[in-house]
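Let's take a walk through this protein together. Have the viewer open as you read.

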Amino acid sequence: MVQTFDPKHSIICPEGVFIIGTYDENGVPNAMNAAWGIQSDYGQITLYLDEHKTTENLKKTNAFTVAFGTVDTLVISDYFGIESGFNVNKIEKAGCHVHPSTVVNAPIIEEYPVTLECSVFDYNDDTGILVGNIESMVADERVLTDGKVDYDKLKPIIFDCSTNTYRLIGPVVGKAFNDGKTIQ
Ligand SMILES: Cc1cc2nc3c(=O)[nH]c(=O)nc-3n(C[C@H](O)[C@H](O)[C@H](O)COP(=O)(O)O)c2cc1C
């Protein structure tokens, strides 16, 4: 027996917890939480952004950062999604520390261990679709194993939109481009 859901109650599984960092025209940093995003090519990320302070900022600077929400940053990550930079300096209020990316005009939020540094390739006002080129990535050594980001150390979280909860990403259960070979 299957149940049918209307589109508003459908899910995309998994959805990320992407923290979009931007500067405004005065160099004031801001961060927002975005779930609707995905890798769209090697070195490219696509996100859906409504009209937010973040959107206003990145249209002016042509740059943004994307950090990944983690168990340790869950509370500030949620805060960045329920308050607007139009009303308050969220970075200060959350007690975060930032420094400028060396490759794009956007802030790195130091509380997040892994951050993509992106330039705006395209933002479409009609669709809200933002395509960014990933110019570089910075990662704290404490979440690396053999030079690679180690999910067990990073503890990234995902957003479950059907229950409005954040969930931990689980253990390794298979090998990509490999396990399917058993039925090839
Ligand atoms: C879990 C979660 C996911 C969200 N995902 C998105 C998203 O993908 N796109 C979007 O436009 N807003 C999304 N939001 C809403 C923005 O984060 C929110 O409106 C925020 O206040 C915008 O901040 P800003 O005005 O400082 O840029 C999300 C909020 C939460 C809590």
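How many helices and strands does the secondary structure of the protein chain come to? There are four helices and 14 strands, where helices (H or I, at least four residues) and strands (E, at least two) are DSSP runs numbered from the N terminus. Please keep in mind that this is a predicted model, in which local features need pLDDT of at least 70, side-chain atom pairs count only at pLDDT 80 or more, and totals for chains, interfaces and linings use all residues. Residues are numbered from 1 along each chain as its sequence is written.

Now zoom in on helix α1, residues 53–61, whose buried residues are Thr54, Asn57 and Leu58. They lie on the same side of α1, because they cover an arc of only 90° around the axis, the arc being that of the directions from the helix axis to the C-beta atoms. These buried residues pack against β2 (18–23), β3 (29–34), β6 (63–68) and β9 (114–123); two residues are in contact if their C-beta atoms, placed from the backbone, lie within 7 Å. After α1 comes Asn62, with a positive phi near 60°.

Finally, look at the loop between α3 (90–93) and β7 (98–100), where you will find Ala94. Ala94 is partly exposed, with 18 other C-beta atoms within 10 Å. Leaving aside residues up to four places away in sequence, Ala94 touches Ile76 and Tyr79.

Note on methods: Buried ≥ 20, exposed ≤ 12 C-beta atoms within 10 Å, placed from the backbone.
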